[in-house]
Amino acid sequence: MVRGSRLWSWLFVALVLFYLYAPILVIVVFSFTTSPRLSLPIEGLTLDWYGRAFADPLIPMALKNSAILATISAVGGGIAGAAFAFGLVMLRNGRLRASLLSISMLPAIVPLLVIGIALAVFFSTIALPQGLIGAAIGHVLVSLPFVILTMNARLESFDFSILEAARDLGATRFQAFRDITLPLIRPSVVGAALLAAALSLDEFVVTWFNIGSQQTVPTLVWGLMRRGIDPSINAIATLLLALLVCLVVASNLLNRRKS
Amino acid sequence: MPLLPAGLFYALFFGVPMLSLLVISLWRAQGFNLIPDFTFANYQKIIVSDLYRGVLLRTVSVGLIAAAIVVPVAFTLAYIMRFVFERRGQLILQLVMLSLFSGYLVRIYAWRTILGKQGLLNSALQWLGLIEEPLEFLIYSQVSVVITLVGLLLPLAVLPLYSAMLNVPRDHLEAARDLGASPFHLLRTVLIPMVMPGVRTAFAFAFLLAAGDYVTPTLVGGTQSVMIGNIIADQFRGTGTNWPLGAAMAFIVVGVTLLLYLAITQLIRWVTKW
Amino acid sequence: MTTQAVQVVGLSKRFGAMTALEQIDFEIADGEFVSLLGASGCGKSTLLRIISGFERPSAGRVVIYGEDLTDRLPERRPTNLVFQRGALFPHMSVRENVGYGLRLRGWQRTRINARVDEMLALVRLEELGDRDPTQLSGGQAQRVALARALAAEPRVLLLDEPLSALDLKLRQQMQLELRAIQKRLGATFVFVTHDQTEALVMSDRIAIMNAGRIEQYGTPRDIYRRPGSIFVSDFVGATNLFRGHVTQVSEAGTTLQTDIGSVALDRTEPGLQTGQRIALSVRPEAIRIARGAGSPGGRQVAATIAEIVYQGSSIRLRAVVADGPSIWVECRDDEAEGIAPGDAVNLTWADSAATLLRES
């Protein structure tokens, strides 16, 4: 509308993106530099920190646990969340649908710290020892709102009259679901599951209160961070980052595909 | 039927735990033992104690400052994506959201290395000859806590504002200007009222998550910037180990947030009232 | 000299490589109802948006009542716009919507209330002032949008296809109402539409737009009776176009060779030359139909009925000329009594009903 506003807009967007991505850039760059002190100017490049990172004796356990939790979140959170979103759009009562959607968003709004301690208290009352099971429940809980939100957005544009068309042509309810609905929403479900996996890989707070003496990649990184500045953190972080970016980008591409 | 699995999961692992936390907050702790009770002593203790009250006030002020930066910036960004770049705005949104999923701990840690006394910013400024001595206020202070929180919360605040603006047709903005509204009036009388739900959600996200975060103050905050989250975390996994007290603090944070949310909503409504 | 309400001078608009408007020059007189008529993408909405200030022209000026407003922001222009879908503010009541522009101008509350009442009466919605815009029907919403745009007495009211979302009956009723309001206020209206009937019914003058240019600008009767180009004759109303070339030009008249055979006209037009490519436009309702084969040549065309379409008040017949094109004829039901597909018929029309158009 106003002349020159495009230029200012670009500038503003560039500044914000720089602010968001500067920390990530710093981590990636310094995972390859020789100087253990994070400062300018950069002296030389090396892959040593990656070697040091993998030499950490806790790394195999952390990787294994992170992989287990990410898989549980992807499968459990992905399927339950997709089913919930599907149930929501099928509801005829708009008010009920809106309030159920809001309620399902609560775990994303309540601070992770509060969720973490609430689960810890609950598990201790039912005498479940701290460990992977509790952490897995926490991860599914934290990923559900995001899965439901993305699936809901995707399903709102779903044309339900094609299911009626299938029923009209003789398909049973189940056949219509299997032949029509499932092939159409499968990319979105997989996308949502990948998102759940990414959230799980990155989850720290809820994990920390419930996993006990076990380790995941984020709790391992946390331990290293508490000890001080260690360039091998940059190496682990960069690898984690690469994995997260792959998952989220893949999730986005799958969700964007038109039915 | 499809609602059942997730519904049960929510009830069992979100509803019940939150309730049990509420119940625990009314119990007493004796050493390492929990004594069932029905007392508001924990709440009272927090309000009365100068230490806890001070921490609570600091938490609220940090949350408010973070939200006061995050919401306008996110609003501007959402406006640009929706009304200046239109279709290309979606791509910018993807980039902004991608940063949300790129390592929570890592990003906080990165700010420590950027803002530290011998960190990137200070060494760059010294290298350029702009400063002689490192700027000490940059790290282990409320400044560093706010800088870090803003980066963490911005993507979360952009999302509700952008979706609210998607529901505002460009026609309505043009109609207002056609009828004589200046850009300022347009914002106050048309755009903000029309995206009010998005503004409220963005504020709630920003404030609640800023006030509830404890990793940020732990890693980049100093001894003078301890927040309520640190003290709560201590009660459960640290030196404090007083579960009832920690539970009460958690509910005080949630309660204060609720009150502030209502107050801010009223404030915005009053400011845009015309 | 009468005042010109709107003068558009040498106006061009390019979006990147795409040219939306090309050298537009035209004027609208004070108190006139002018329609900009064209298919989607012809530039009519862009022209309207330039007059209202939402787009800047790449070249040219916009002058409103003698004042050059090309660089004036939309909120400072003495024009108001009625949007295609109303664009009523959902968080304000009907009354607040109508009074919005007046409040921005700093009017006193009592004066605003009086004016809003007056406007609601004008659009016959006195009862609905306290409703939310979401509770209005499509027709009511457009009336509120009209009242809102008229409230601050704009010198020129711009309307961007405001009736296109309404159903036919309501649209016809609103057309007459809109025209009556415009007459009563004596205001200048610029109305964008793609519906030729709408433009014919409402306008003092119509500007037919095509590919970023104004093809013809004139009264509805002029446009319909004497289309200036093949495009206009085809776009406004249904017509039969017979293409061919001029075989003979003389004082007495013109002879043409077209795809329905040789046609003689008892007039000539300046600059017409033998061999020139032309098209002859004859409206379906101007064609008379008679049973039986007539003598070939002259001003009669022998044809065979291929199809009859019943339309209630009238019927349309498609007649096929041997080895030639189809000719559409429109007449009252009783005029074609007893004619059936396969019948041989004789088609005639008055010379004055045939318009000679040059191929560009």
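Predicted model: local features only at pLDDT ≥ 70, side-chain atom pairs only at ≥ 80, totals over all residues.
Chain C is divided into domain 1, covering 4–234, and domain 2, covering 238–358. The table gathers the values for this pair of domains.

| Property of domain 1 and domain 2 of chain C | Value |
|---|---|
| Distance between C-alpha centres | 39 Å |
| Area buried between the domains | about 770 Å² |
| Share of that area from carbon and sulfur atoms | 52% |
| Residue pairs in polar contact | 3 residue pairs |
| Salt bridges across the interface | 0 salt bridges |

On the side of domain 1 of chain C that touches domain 2 of chain C, two or more residues each are given by helix H7 (220–225) and helix H8 (230–235) of chain C. The residues of this side divide into 4 nonpolar, 3 polar and 2 charged. In terms of contacts, 9 residues of domain 1 of chain C meet 10 residues of domain 2 of chain C, and the residues of domain 1 that lose the most area to domain 2 are C:Tyr224, C:Ile230 and C:Ser233, which together account for 69% of what that side buries.

**B:Ser144 in chain B**

B:Ser144 has its place in helix H7 of chain B, which spans residues 142–166. With a relative accessible area of 0%, B:Ser144 falls under the 20% cut-off and therefore counts as buried. A polar atom of the side chain of B:Ser144 lies 3.3 Å from the backbone nitrogen of B:Tyr140. Leaving aside residues up to four places away in sequence, B:Ser144 touches B:Leu115, B:Leu138, B:Ile139 and B:Val220.

How values were computed. Residues numbered from 1 in each chain as written. Chains lettered and ligands numbered in written order. Heavy atoms only, no water. Helix = DSSP H or I, 4+ residues; strand = E, 2+ residues; numbered from the N terminus. Buried < 20%, exposed > 50% of the residue type's maximum accessible area, 1.4 Å probe, protein only. Polar contact = N/O pair within 3.5 Å; in protein donor to acceptor, adjacent residues only side chain to side chain. Contact = heavy atoms within 4.5 Å. Domains from an automatic or database assignment. Buried area = accessible area lost by both parts, 1.4 Å probe. Salt bridge = Lys/Arg side-chain N within 4 Å of Asp/Glu carboxyl O. Nonpolar A, V, L, I, M, F, W, Y, C, P; charged D, E, K, R; others polar.
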